[in-house]
Amino acid sequence: MPVAGEPRIRAGAATDVGLVRVANEDNYVITASVFAVADGMGGHAAGDVASGLAVAGLAQLGTEGTVRPDDVRRHIVRLNGDILAAAARNPEQAGMGTTVTGLCLVDFAGSPHWVVFNVGDSRVYRYAEKDVPGVRVLEQLTVDHSEVGELVAAGKLSPAEAAVDPRRNVVTRALGSPAAPEPDLFVYPLTAGERFLICSDGLTGELDDAAIAGLLDREEDPRDAAATLVRAAVAAGGRDNVTTVVVDHVAADPGAGDTPADDETAPRQVG
Ligand code: CA
């Protein structure tokens, strides 16, 4: 039974190997309270192992009662150790790593909030009204942990320059690192009507923000939005694996019944 005051969440996901890579080393997860994408790296399909460990570990968050922002941080640091330990047991997985980014519903100051977390250069965007009522805008919430991402954050490179810079694929933080990476954590209040996009760089390498916003605007169902974005990135070149998770915080609809949030939540595979 849904609890009064619990946010109504709907989510959808899609992933595709793309047109160039031989394997899909991206993974994603959707639970009632955790939504994440991980983009693995490493030879001999080890990237898929690392990103799989990351999302499987994140799915455990929220299964043991109330989660607070610090629990998310500790959990991510622990996952780094799990990936290192797996690599130590399997020599062919030595050096494997993964990005991980997403959203988690947490308790903050006594009420539900979002925690946006990030390690690496996958991204979380928010698509929602901001300053002008009725006008939704796309905003990147995470800061890329990449050489060019840090230069953009420091104002030394424009986003347009970063998009074509040869250093754009050099990730400065990843899970699977000998020194545990510091995850970025951002806490946000819940706002009905907001939509989040979590994606690997295979999406943002092919589509600019305007194209992404246009597709998020067009597709009402989050499953359709996730699938349409992936299809568009593959059609634009598909030079990398592409993965999307779209999360809608649905506005309360009095009298619309009390469908539990996760009843309508179903991942969708494309291709
Ligand atoms: Ca990638």
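Residues are numbered from 1 along each chain as its sequence is written, and side-chain values use heavy atoms, with hydrogens and water left out. In this predicted model, local features need pLDDT of at least 70 and side-chain atom pairs count only at pLDDT 80 or more, whereas totals for chains, interfaces and linings use all residues.

Side chains of opposite charge can pair when their charged atoms come close. With a salt bridge defined as a side-chain nitrogen of Lys or Arg within 4 Å of a carboxyl oxygen of Asp or Glu, the count comes to 16 salt bridges. One of them joins the side chains of R68 and D107, with an N to O distance of 3.8 Å. R68 lies in the loop between α1 (46-59) and α2 (69-89) and D107 in strand β5 (residues 100-108), so this pair ties together parts that are 39 residues apart in sequence. Helices (H or I, at least four residues) and strands (E, at least two) are DSSP runs, numbered from the N terminus. R68 counts as partly exposed because its relative accessibility is 46%; the classes are buried (under 20% relative accessible area), exposed (over 50%) and partly exposed (in between), for a 1.4 Å probe and protein chains only.

A further salt bridge is formed by R73 and E182, whose closest N and O atoms are 2.5 Å apart. This pair links distant parts of the chain, with R73 in helix α2 and E182 in the loop between α4 (159-164) and β9 (184-189), 109 residues apart. Both partners are partly exposed, R73 at 27% relative accessibility and E182 with a relative accessible area of 46%. In the salt bridge between D165 and R167, the N to O distance is 2.9 Å. Here D165 counts as buried, at 11% relative accessibility, whereas R167 is partly exposed, at 35%.

Two packed helices are described by the angle between their axes and the distance between the axes. For α1 and α2, the axes come within 10 Å and cross at roughly 140 degrees; axes are lines fitted to C-alpha atoms, for helices over the stretch in contact, and angles run from 0 to 180 degrees between N-to-C directions. On the α1 side, A50, L53, A54, G57 and L58 meet H75, I76, L79, I83 and A86 of α2, contact meaning heavy atoms within 4.5 Å.

V135 is found in the loop between β7 (123-129) and β8 (136-140) and is partly exposed, at 39% relative accessibility.

H249 is placed in strand β11 (residues 242-250) and is buried, with a relative accessible area of 8%. Residues up to four places away in sequence aside, H249 touches P7, R8, I9, W114, L190, T191, A192, G193 and E194.
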